[in-house]
Amino acid sequence: MVVENAVPITPWERVTRTARALVHQFGPVVGIGRSALYGHEVWRSAVAEGAGVGVVVVPGFGGIDASMGVLCRWLERRGYATTGAGLGMNMGCTEALVERLVRRVDEHARATGGPVVLLGHSRGGMLCRLVAVQRPDLVRALVTLGSPVLNPLDVKGLASVALPWVLRASALGVPGLADRACVEGPCRDSTAAGLAAALVMPALAFYSRVDGVVGWESCRDPHADWVEVSSSHTGLGIDPDVFAALAPRLAVWAAERHDSDTSDTTDAA
């Protein structure tokens, strides 16, 4: 269909739009937006209800554990015992990453005395979900931040340009990237089954219509409660609305752990 009287986009407008998109996505990586979080009551409050409940925090594709440092500091200030995923840059075969994450979750559950909360960003959230399905005995609750569990290839913007190149580089033998078997082979099938499986623990799925990297519809896990925020994909880990919605849920899960431990002690007596 031809649109009549359409106003052409000038080169300057195109550059301006591209610049805004880059700031929207990569600004949080360099700290833009943190001041809004640090000035928010959810950050400044001195509440410490975590009671040592373990939380395993998993970054997205290409992200290291340190990239989730702000979120981990907030959790620790509220009394939760956090640990990173230990997956490097979270690249490579999904099945291999899940195996490594299961070991980390098992270790942290033992160290903190019970099932842990899994909290993952983007691909990290999908890995958390796969672990939750495989080892529900280790997982108290699941939180995903912008994780397209309904369609892992539902990518937008620069990510849609980068993904084919990542797969092509992997096919040429560049190690440690995304294995094509995770897109076309049996690994894809097992991943799809795990992402679609029912969950036996409470789950919270955050999504944003202005995500810019993944399709927001694919983040709405039918087995989780949904929370919509207005954040870029990379900004989900420092968005005050994410923290404000997460705080009361975490408090409930921590209280349930305390009640369970108290019940076990009473029964033993």
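Mentor: Begin with the classes of accessibility: a residue is buried under 20% relative accessible area, exposed over 50%, and partly exposed in between. The model shown is predicted. In it, Asp 225 has a relative accessibility of 39% and therefore counts as partly exposed.

Trainee: Which residue forms a salt bridge with Asp 225?

Mentor: Side chains of opposite charge can pair when their charged atoms come close. Here the partner of Asp 225 is Arg 249, with the closest N and O atoms 3.1 Å apart. Asp 225 belongs to strand β6 (residues 225-229) and Arg 249 to helix α10 (residues 240-268), so the pair ties together parts that are 24 residues apart in sequence. Arg 249, at 30% relative accessibility, is likewise classed as partly exposed.

Trainee: How many salt bridges does the structure hold?

Mentor: There are 8. One of them joins Arg 44 to Glu 41 at 3.6 Å, N to O; both residues lie in helix α3 (residues 41-44), 3 residues apart, about one turn of the helix. Another links Arg 104 with Glu 107, whose closest N and O atoms are 3.9 Å apart. Arg 104 and Glu 107 are 3 residues apart in helix α5, a separation of about one helical turn.

Trainee: Which residues of α5 are buried?

Mentor: They are Thr 94, Leu 97, Val 98, Leu 101, Val 102, Val 105, His 108, Ala 109 and Thr 112. Viewed down the axis of α5, these buried residues fall within an arc of 140°, so they line one face of the helix. The face turned away from that buried side carries the exposed residues Glu 99, Glu 107, Arg 110 and Ala 111. As to length, α5 (residues 94-112) has 19 residues and reaches 26 Å from its first C-alpha to its last, close to the 27 Å expected. Just after α5, Gly 113 takes a positive phi of about 85°.

Trainee: What unit do β3, helix α6 and β4 make?

Mentor: Together with α6 (residues 123-134), the strands β3 and β4 make a right-handed β-α-β unit.

Key. Residues numbered from 1 in each chain as written. Predicted model: local features only at pLDDT ≥ 70, side-chain atom pairs only at ≥ 80, totals over all residues. Heavy atoms only, no water. Helix = DSSP H or I, 4+ residues; strand = E, 2+ residues; numbered from the N terminus. Expected span 1.5 Å × (residues − 1). Buried < 20%, exposed > 50% of the residue type's maximum accessible area, 1.4 Å probe, protein only. Arc of directions from axis to C-beta. Right-handed = clockwise from strand over helix to strand, strands pointing away. Salt bridge = Lys/Arg side-chain N within 4 Å of Asp/Glu carboxyl O.
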